[in-house]
Amino acid sequence: MAQKDNEVREGLEGVVAFESTISHIDGTVPELVIRGYDINDIVGNLTFEQMSYLLLFGELPSSIQLTDFDAELKSLRQVPKSVLAFLSSVPKSSEPMSILRTAVSMLGCIDSESGLNDQNSVLIKLKSLIAKIPTIVAAQARINVGETPLQPDLSLSHSSNYYYMVTGEVADEKTLNAFDAVLVIYAEHEINASTFACRVVMGTESDIYSSVVAGISAIKGPLHGGAIDGSMNMLKEIGSAENAENYVKDALAQKRKLPGFGHRVYRAGDPRAHVLKRMTLDLANSRNDSHWFDIALEAEKQMASLKSIIPNVDYYAAPLLSHIGFPVILMTNVVTSARIAGWSAHILEQYGKNRLIRPRAKYTGKSGLKIHKP
């Protein structure tokens, strides 16, 4: 349906701002297609390295290309000492996503070539951020519990090294597969608020770091990436599967929104949530601990019965990440460390065919006022 001149679409809902070859959501199916591949085919078949390559270059890598790409990412994992010192010096009360936002901004200050915006320089900086943000998040996790940040292990894959830098242990196969799947699932999701923010800043021909910081600032919000923290905290508040019915009924009676439920685009279910629900149950069963899954399942049933509202990707990602050892306060940071791959693809696409993004507003204020001098 064509948009009429001066027609207001609150939240830009349904407005098509530009063409993209990166991903597409069909909320009625529901379906998420990334570079031509369905998310259900991607998860379990692609590693995060392969997913990142697909996003950056538009096609799956050959074995040689993947080997070279993997080696390049490994060479870029190290974070400057000044950034690690900053992470150790901030107050314990600081919000983790605010710390990450500042750390990425510091990387831009340290990079003597941050202003270089030729195609190759842009690509190198984006690869560097894909490699470094997990190192920063892992350092945050260690510092939060009074431990010293670990150096990247170049013998390990992206996800395995990430898990190792957080926990100090090498993940078993089931844990690693689950964690890699979470990173792959969160890597890209069309034109959401944070991706749009990245493209808006890139559209001004600002530097790469500013564009990514804009994305971090947007995904930090509880109506976007921050919903994953809220989802896990809600499950903790519910406490038991037996208490889920009363909790949901009370929340709805008080007109409180429950984190992890509902989506602006998906109306027939979030395909990412379906995958994560299955993986969370599998991981819970393998550990003989279905406590969080049981609570989530019962609350989901109550929401379906009372409001017909679907769970989104954050709902089951939260207990899955909790199972494998990630603290609640860092879950949005983990989401960000995956979404940087998708942001990078969109930044490159915006750079390649840039047009300043400049919407208008329908003015509803006063007019005709005169200034009367005393």
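Modeller: The reply below turns to the cavity and then to a pocket. This is a predicted model, in which local features need pLDDT of at least 70 and side-chain atom pairs count only at pLDDT 80 or more, while totals for chains, interfaces and linings use all residues. Residues are numbered from 1 along each chain as its sequence is written, and side-chain values use heavy atoms, with hydrogens and water left out.

The structure holds 1 cavity of 30 Å³ or more. On a 1 Å grid over the protein atoms alone, a cavity is a set of points where a 1.4 Å probe fits but cannot get out, whereas a pocket is an open set with protein on both sides within 12 Å along at least five of seven lines; lining residues have an atom within 4 Å of a point. Grid points are joined across faces, edges and corners, and a volume is the space filled by probe spheres set on the points.

The largest cavity contains about 30 Å³ of space. Its lining consists of Arg-77, Ala-131, Pro-134, Thr-135, His-158, Asn-161, Tyr-162 and Met-165. Helices (DSSP runs of H or I, at least four residues) are numbered from the N terminus. Of these, α6 (119-144) and α7 (158-167) each supply at least two lining residues, and α7 gives the largest share, 4 residues. By class, the lining has 4 nonpolar, 3 polar and 1 charged; Ala, Val, Leu, Ile, Met, Phe, Trp, Tyr, Cys and Pro count as nonpolar, Asp, Glu, Lys and Arg as charged, and the others, Gly among them, as polar.

The second largest pocket has a volume of about 260 Å³, and α8 (173-186) provides the largest share of its lining, 4 residues.
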